[in-house]
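I opened the model and kept notes as I went. The entries follow in the order of looking things up.

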Amino acid sequence: MYSLDINFLNDRPEYRPESSRQKTRAVSTDSKRPLFIGAAVAVALLAAAGGSLLFLQAQNASLEQRQAELDSQLGDLTAKQKQIADINNQTKQIKDETGALASVFNLVKPWSAMMQEVRDRIPPGVQILNITQSVSTGQASPQPSASPSPGGAAPAVNPPASVLQITGLANSFNDVNDFLLVLQKSNFLKAENTRLIKATLQKDAPKIESLKLKNTQQQVPNTDELPQLPKQVEFQIETALSDVPASDLLRELDRKGAVGLVTRIEDLQRKGVIKP
């Protein structure tokens with residue numbers, strides 16, 4: 001038979017040996033250290049989370065302020081961009097109007113220069129009786145276009161072609177033909193529109209009439225005794241003004257005496273309104 005010896009004195013505090021007490025106390029202290037470490041880590045994490053939150057809130061406020069500043073600058077830039085666009089539209093309109101006004105000077109050919117051009121090309125044996133100007137019946141008169149959009153330039157309208165009717169007398173048909181050829185070589189006239197409308201020989205030759213002075217006594221010769229003049233050719237030539245810009249005819253216009261127009265066109269060329 002086995003016997004069990006049980007000592008219940010060790011369970012009582014007053015009879016517990018010293019080594020047993022120290023071991024129990026040591027075990028108790030060591031068992032609380034992880035708790036302290038865990039609490040410290042939790043506090044550190046909470047502090048880090050709170051600091052991060054505060055930092056992010058500060059950054060968010062700074063970014064919102066920066067965004068407000070950028071929005072304000074964007075609004076200013078948009079307004080300035082609109083002003084620049086308006087200025088560009090006004091500048092373009094002014095340039096278009098200036099160009100249209102300058103084109104008027106470039107299309108004008110003074111009548112003094114035109115008459116001098118015809119006068120210089122009259123061959124011997126040809127006499128001009130009349131020159132009339134009219135609008136070409138084959139070209140419709142320019143109709144006003146619809147109102148241009150605001151800020152847009154008015155469309156340029158070319159003037160109708162001017163037709164010249166030249167009537168006169170010539171000693172022969174060859175003189176009429178020579179006059180027609182020299183007119184076709186003129187830069188002021190359209191060669192393709194310069195044509196002979198009619199040329200007929202007079203039925204009756206022009207008669208020479210004797211000159212009778214007042215308060216004088218003189219013998220009036222018989223008209224049959226006067227020399228007979230040859231019959232002349234009555235002709236009519238039709239032509240049209242050329243579309244060549246006046247800026248391309250500056251030398252000829254200067255030679256024809258149109259000094260004022262030449263000076264204005266040269267001034268516009270120096271300013272860049274009319275391209276040379």
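I began with surface patches, which I built from residues with over 30% relative accessible area and no salt bridge, joining like charges within 9 Å and nonpolar side chains (Val, Leu, Ile, Met, Phe, Trp, Tyr) within 5 Å. For accessible areas I used the Shrake-Rupley method with a 1.4 Å probe, and for residues only the protein chains shown count as cover. A salt bridge, here and below, is a side-chain nitrogen of Lys or Arg within 4 Å of a carboxyl oxygen of Asp or Glu.

I noted that the model is predicted, so local features need pLDDT of at least 70 and side-chain atom pairs count only at pLDDT 80 or more, while totals for chains, interfaces and linings use all residues. Residues are numbered from 1 along each chain as its sequence is written, and side-chain values use heavy atoms, with hydrogens and water left out.

**Entry: surface patch.** I found a nonpolar patch on the surface made of I37, V41 and L45, with about 280 Å² of accessible area together. L45 lies in helix α1 (residues 18-107); helices (H or I, at least four residues) and strands (E, at least two) are DSSP runs, numbered from the N terminus. I list L45 as exposed because its relative accessibility is 57%; the classes are buried under 20% relative accessible area, exposed over 50%, and partly exposed in between (1.4 Å probe, protein chains only).

**Entry: whole chain.** I counted five helices and four strands, in the order α-α-β-β-α-β-β-α-α along the sequence. Of the 276 residues, 20% count as buried. The chain exposes about 21,000 Å², and carbon and sulfur atoms supply 56% of it. I took contact to mean heavy atoms within 4.5 Å. Among contacts between residues at least 6 apart in sequence, 78% join residues at least 24 apart.

**Entry: helix α2.** Which residues of helix α2 (residues 111-120) are buried? I get A113, M114, E117 and V118. They lie on the same side of α2, because they cover an arc of only 135 degrees around the axis; the arc is that of the directions from the helix axis to the C-beta atoms. Their cover includes β1 (126-135), β2 (162-170), α3 and α4 (250-255).

**Entry: S186.** I looked up S186 in the loop between α3 (173-184) and β3 (195-201). S186 counts as buried because its relative accessibility is 3%. Leaving out residues up to four places away in sequence, S186 touches E117 and R121. Its side chain makes a polar contact with the side chain of E117 at 2.7 Å. A polar contact is a pair of N or O atoms within 3.5 Å; within protein, one must be able to donate a hydrogen and the other to accept it, and residues adjacent in sequence count only if both atoms are side-chain atoms.

**Entry: salt bridges.** How many salt bridges does a search of the whole structure find? I get eight. One of them joins the side chains of R121 and E117 (2.4 Å, N to O). R121 is partly exposed at 25% relative accessibility, whereas E117 is buried at 3%. K256 pairs with D120, with the closest N and O atoms 2.9 Å apart. This pair links distant parts of the chain, 136 residues apart: K256 is in the loop between α4 and α5 (259-270), and D120 is in helix α2. K256 is buried at 18%, and D120 is partly exposed at 46%.
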